[in-house]
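Here is a briefing on the contacts in this model.

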Amino acid sequence: MVSGPDGSNSDTHEPPGEMIAVSLWRGQGSSGGLVRYDVPVRDNQTILDIVTHIQRNIDSTLSYRFACRVGMCGSCAMTVNGVPRWTCRTHAGQFTKNGRLTVEPLRNMPIIKDLVADMAPFFDKWQKAEGRFQGKDSRTDDVEPVRPDSPERKTADAGIECINCAICYAACDVVAWNPDYLGPAALNRAWTLMNDIRDTAGGERLRAVSAGDGCHNCHSHQSCMTFCPNDLNPTAAIAGLKRMAVRAVLKGEL
Amino acid sequence: MLDARLFLLQRATAIVMAPLVLIHLAVIIFAVRGGFDAAEILSRTRGSWVWGGFYSLFVIAASVHAAIGLRTIGFETFGGSRRTLDVVTIAVAAVLALLGLRAVFAVVAS
């Protein structure tokens, strides 16, 4: 949707003058606060459309992050009316309460500026959880057959569609209480790899995810599952890691 | 601040406590039929190594279980280093075990 400098748009079928009062978090680092902007209502308007409208038509210094706009890249997650959402796939009409909307950066991560959270700690934990595939074959070897209907592959497939949006991480109370906790996304990634029969780093990964800040700290609140935009269930993945680690301890392998 | 071993220890102590709690509740229901008093309780427990062992096992399991639970609550509320948490966890378990075993000793061996 292309808007004119005054916010007008020839596509709109809404009565002229209908506005949403949007409170956006503005600031540098941890210092800042909510600033109100009035944005015209549009048909099929997403939260990302609203933020983009403000940046292009009202205040060009507003910082926010997006890329694909179709729910593929995981870049545009923000806190909308207190809950983490992917803003490109969230219609404003579903979330606007009494003509009001609040948009803030994701929690549990440092704020860089305005709506942009620093995702470095989030991705560092993917590395800490050994969230990297490590295979044994080289390009000269034959491709290893993986049966799609095998239990391991089905389990891995259940968690493989993560888009790294950090919504689960922002929703997790355990991360809020313990900033070193690996978090649902990294642990979900580790669980998919633990069920990948081609992977060879299971031992190191299980040690990494069952250490002091690992999977056993999860309280199974299931906020990650509730807010995951792709309907994944990181709580189930974490429960799988807990069982796997406990079995390894009992066998003396951990 | 809960690794796989502490997690397993807390679950294992819960498994130990579950049947002991059920037996404890069943004995309460059985014992209070027609009223009961301290003398009746002591007549059953004094010199009984079965009840002594039963409640000693419960006290030890509860001490370990509660100390690990309080470790988690304490860390998530106040923070703290792993070393501090280890010291506090062991101290809480020791105090609970001491108080509990003292009570068991009082009704079994005194």
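## Interfaces at a glance

Chain B and chain A bury about 1,200 Å² between them, with 62% of it on carbon and sulfur atoms. Buried area is the accessible area (1.4 Å probe) that two parts lose on being put together, summed over both. The model is predicted, so local features need pLDDT of at least 70 and side-chain atom pairs count only at pLDDT 80 or more, while totals for chains, interfaces and linings use all residues. Residues are numbered from 1 along each chain as its sequence is written, chains are lettered from A and ligands numbered from 1 in the order in which they are written, and side-chain values use heavy atoms, with hydrogens and water left out.

**Chain B against chain A**

- Eleven residues of chain B and 16 residues of chain A take part in the contact (heavy atoms within 4.5 Å).
- A salt bridge needs a side-chain nitrogen of Lys or Arg within 4 Å of a carboxyl oxygen of Asp or Glu.
- Five residue pairs are in polar contact between chain B and chain A, both residues at pLDDT 80 or more. A polar contact is a pair of N or O atoms within 3.5 Å; within protein, one must be able to donate a hydrogen and the other to accept it, and residues adjacent in sequence count only if both atoms are side-chain atoms.
- On the side of chain B that touches chain A, helix H1 (4–31) and helix H3 (49–78) of chain B are the elements that give two or more residues. Helices (H or I, at least four residues) and strands (E, at least two) are DSSP runs, numbered from the N terminus.
- H1(B) gives the largest share of that side, four residues.
- By class, that side of chain B has six nonpolar, one polar and four charged residues. Ala, Val, Leu, Ile, Met, Phe, Trp, Tyr, Cys and Pro count as nonpolar, Asp, Glu, Lys and Arg as charged, and the others, Gly among them, as polar.

**Domain 1 against domain 2 in chain A**

- Chain A is assigned domain 1 (19–117) and domain 2 (120–250), with bounds from an automatic or database domain assignment.
- Their contact takes 14 residues from domain 1 of chain A and 17 residues from domain 2 of chain A.
- About 1,200 Å² is buried between the two domains of chain A, and carbon and sulfur atoms give 67% of it.
- One salt bridge is counted between these domains.
- Six residue pairs are in polar contact across this domain interface, both at pLDDT 80 or more.
- Strand E4 (residues 83–86) of chain A gives the most to the domain 1 side, with four residues.
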